[in-house]
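Me: I am new to this structure and would like to be taken through it step by step. Could we start from the overall picture and then turn to one part of it?

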Amino acid sequence: MATTQLNIRPSGIGRTIACPASVRLIAQVPYQESGEAAKIGTAIHALAEHCVKNYLNPLTLVGEVFEGISMTEENCRFAQQHLEAIWDIEEELGEGTVSVEKFLPYQESTAYKIGGTADVIGISKEKRKLIIADLKTGRGYVDAESEQLKLYALAAMESGGLYQDIDIVELWIIQPHHGEVRKHSMTTQELVDWEHYILQPAIENAL
């Protein structure tokens, strides 16, 4: 009998670490359409990406429709805070160091695959620093020491062959409902230790 390849998503990696058995259980749940809050979050991300690529001010796009959602002033302010964080990252790391909405593969085998789209990636080999930033539009508090962002950081390291070029990894959570951007800093070695002692055992247990 063929084995179904498990899709382990970065957005749910915290749950996978806490309860590895959840991966197979969730795979059995029939598809359910996203709720209204999730749809709005997706639309705000689309608005922010559109503004980054076209050098636009989100606040001029109130009432415009993205992903089927009409943007409110609050939605546009959330996108604006996201853009300001992107500009801060580029100012810190240098021009041309930032990518937005980039898919990062981490690992794949016949048994499972792990990868996801990071909101913002900033890489400076000159400053030996990697910044991963994520926009959270919900009200539930998200800690900057996020398993999801750690996984994105590892995926960025893997796909870019950056282990010898990066000393410091910063994780940024942009969550307008909770004020200013929150940041967590760690060394590359601390990230690798997390992968070895926390992430990989959870993946093995999930399989």
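Reply: What follows is a set of questions and answers on this predicted model.

Me: How many helices and how many strands are there in the protein chain?

Reply: Read from the N terminus on, the elements follow the order β-α-α-α-β-β-α-β-β-β-α-β-β-α. Counted by type, the protein chain has 6 helices and 8 strands.

Me: What is the radius of gyration of the protein chain, and which value does the globule rule give?

Reply: Along its principal axes, the C-alpha trace spans about 55 × 45 × 25 Å. For the elements of this chain, which run β-α-α-α-β-β-α-β-β-β-α-β-β-α, the comparison is with a globular protein of 207 residues. The chain is as compact as a globular protein of that length, because the globule rule gives 17 Å and the radius of gyration is close to that, at 18 Å.

Me: What share of the residues of the protein chain counts as buried?

Reply: A residue is taken as buried when its relative accessible area is under 20%. The accessible surface of the whole chain comes to about 11100 Å², and 49% of that surface belongs to carbon and sulfur atoms. Among the 207 residues, the buried share is 44%.

Me: How far apart do the centres of the positive and the negative side chains lie?

Reply: The protein chain carries 17 positive side chains and 30 negative ones. The centres of these two sets are separated by 4 Å.

Me: How many of the residues of strand β5 are buried?

Reply: Strand β5 covers residues 112–124, which makes 13 residues. The strand is largely enclosed by the rest of the structure, because the number of its residues that are buried is 10.

Me: Which residue of β5 is the bridge partner of proline 105?

Reply: Strand β4 (residues 98–108) runs antiparallel to β5, and 9 bridges join the two. They also form a hairpin, with 3 residues between them. Within β5, the partner of proline 105 is glycine 115.

Me: In which sense does strand β1 run relative to β5, parallel or antiparallel?

Reply: Strand β1 takes in residues 6–8 and is joined to β5 by 3 bridges. In this pairing asparagine 7 stands opposite lysine 113 of β5. The sense of the two strands is parallel.

Me: Which residue takes a positive phi in the hairpin of β5 and β6?

Reply: Strand β6 (residues 129–135) pairs with β5 over 5 bridges in the antiparallel sense, and isoleucine 123 stands opposite leucine 130 in β6. The hairpin has 4 residues between its strands, and the residue with a positive phi, near 55°, is arginine 128.

Methods. Residues are numbered from 1 along each chain as its sequence is written. This is a predicted model: local features need pLDDT of at least 70, side-chain atom pairs count only at pLDDT 80 or more; totals for chains, interfaces and linings use all residues. Side-chain values use heavy atoms; hydrogens and water are left out. The radius of gyration is taken over C-alpha atoms; the globule rule is 2.2 Å times the number of residues to the power 0.38. Buried means under 20% relative accessible area, exposed over 50%, partly exposed in between (1.4 Å probe, protein chains only). Accessible areas come from the Shrake-Rupley method with a 1.4 Å probe; for residues, only the protein chains shown count as cover. Lys and Arg count as positive and Asp and Glu as negative; His and the chain ends are not counted. The place of a charge is taken as NZ of Lys, CZ of Arg, CG of Asp or CD of Glu. Two strands pair if DSSP finds at least two bridges between them.
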